[in-house]
Amino acid sequence: MVREAVDWPWSSYRATAGFKQEVPWLTTEWLLSGFATNRKEAQDRYRLFIQQGKNQPSPCEQLKNQIYLGTDQFVEDMQSKIDPSQSLEDIPRKQKQSPPGPLSYYANRYAERDEAMAYAYLSGHYTLAEVGSWFGVSYAMVSRAVKALECKM
């Protein structure tokens with residue numbers, strides 16, 4: 001929304017970086033202590049740290065199941081800690097899913113291409129277009145494969 005962090009008026013950046021006087025309710029010592037013991041040096045390093053983060057992808061792009069930031073093993077570990085008797089009705093389906101396997105998993109697991117495409121789509125991790133692109137067919141062909149599998153079930 002702005003080119004430089006200092007231009008965002010509702011951020012604590014300007015006070016933390018030493019561009020304006022701190023307000024009484026803002027505590028910056030703990031954050032700055034991670035950069036240096038000397039306040040001026042810590043502010044200089046903090047400004048550099050923020051500058052280096054510019055044009056980096058958002059960590060939100062790496063979220064798994066909309067809430068986890070970590071490896072697939074971490075996600076599985078966290079999901080295994082959920083009490084099995086806990087109602088999952090209010091938890092979005094996307095958050096209950098295990099991490100997605102690669103599309104090659106479905107191609108190798110199912111002998112029939114249409115069955116592999118259908119299961120890949122029904123996993124909830126891929127769109128019709130993504131599955132179709134990987135298998136080299138149109139999304140309409142994937143849709144027909146899904147319908148056929150649903151009729152068999």
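**Entry 1: contacts and overall form**

I looked up contact range and found that residues 24 or more positions apart make up 42% of the contacts in the protein chain with a separation of 6 or more. I note here that this is a predicted model.

I then took the secondary structure. The protein chain has 9 helices and 0 strands, and its pattern along the sequence reads α-α-α-α-α-α-α-α-α.

For overall dimensions I compared the chain with the globule rule. The radius of gyration of the protein chain is 24 Å, whereas a compact globule of 153 residues would have one near 15 Å. The C-alpha trace spans about 70 × 40 × 25 Å along its principal axes.

I also took the surface figures. The accessible surface of the protein chain is about 11200 Å², and carbon and sulfur atoms hold 53% of that surface. Of the 153 residues, 25% count as buried.

**Entry 2: helix H7 and Met117**

I turned to helix H7, which runs over residues 113–122. Its buried residues are Ala116, Met117, Ala118 and Ala120. I checked what covers these residues, and the cover includes helix H6 (103–109), helix H8 (128–135) and helix H9 (139–152).

Is Met117 buried or exposed? Met117 counts as buried because its relative accessible area is 0%, and the cut-off for buried is under 20%.

I listed the contacts of Met117, leaving out residues up to four places away in sequence. Met117 touches Val131, Phe135, Val137, Met141, Val142 and Ala145.

I also checked one distance from Met117. Lys64 lies 53 residues from Met117 along the chain, and their C-alpha atoms are separated by 22 Å.

After H7 comes Gly124, and I noted that its phi is positive, near 90°.

**Entry 3: two loop residues**

I looked at Asn55, which sits in the loop between H3 and helix H4 (72–80). Its phi is near 65°, a positive value in a residue other than glycine. Asn55 has a relative accessible area of 76%, so I recorded Asn55 as exposed; the cut-off for exposed is over 50%.

Where is Ser87 found? Ser87 is in the loop between H4 and helix H5 (93–96). Ser87 has 48% relative accessibility and therefore counts as partly exposed.

**Entry 4: the largest pocket**

I searched for open space last. Rolling a probe the size of a water molecule over the atoms shows where empty space is left.

The largest pocket has a volume of about 390 Å³. I counted 16 lining residues, and those closest to the centre of the pocket are Val2, Arg3, Glu4, Ala5 and Ile50.

Which helix gives the largest share of the lining of the largest pocket? Helix H3 (residues 39–52) does, with 3 residues.

I sorted the lining of the largest pocket by class and got 8 nonpolar, 4 polar and 4 charged residues.

How values were computed
Residues numbered from 1 in each chain as written. Predicted model: local features only at pLDDT ≥ 70, side-chain atom pairs only at ≥ 80, totals over all residues. Heavy atoms only, no water. 1 Å grid on protein atoms, 1.4 Å probe; cavity = no way out; pocket = protein on both sides within 12 Å on 5 of 7 lines; lining within 4 Å. Points joined across faces, edges and corners; volume = space filled by probe spheres on them. Helix = DSSP H or I, 4+ residues; strand = E, 2+ residues; numbered from the N terminus. Nonpolar A, V, L, I, M, F, W, Y, C, P; charged D, E, K, R; others polar. Buried < 20%, exposed > 50% of the residue type's maximum accessible area, 1.4 Å probe, protein only. Rg over C-alpha atoms; globule rule 2.2 N^0.38 Å. Contact = heavy atoms within 4.5 Å. Areas by Shrake-Rupley, 256 points an atom, 1.4 Å probe, with all protein chains shown as cover.
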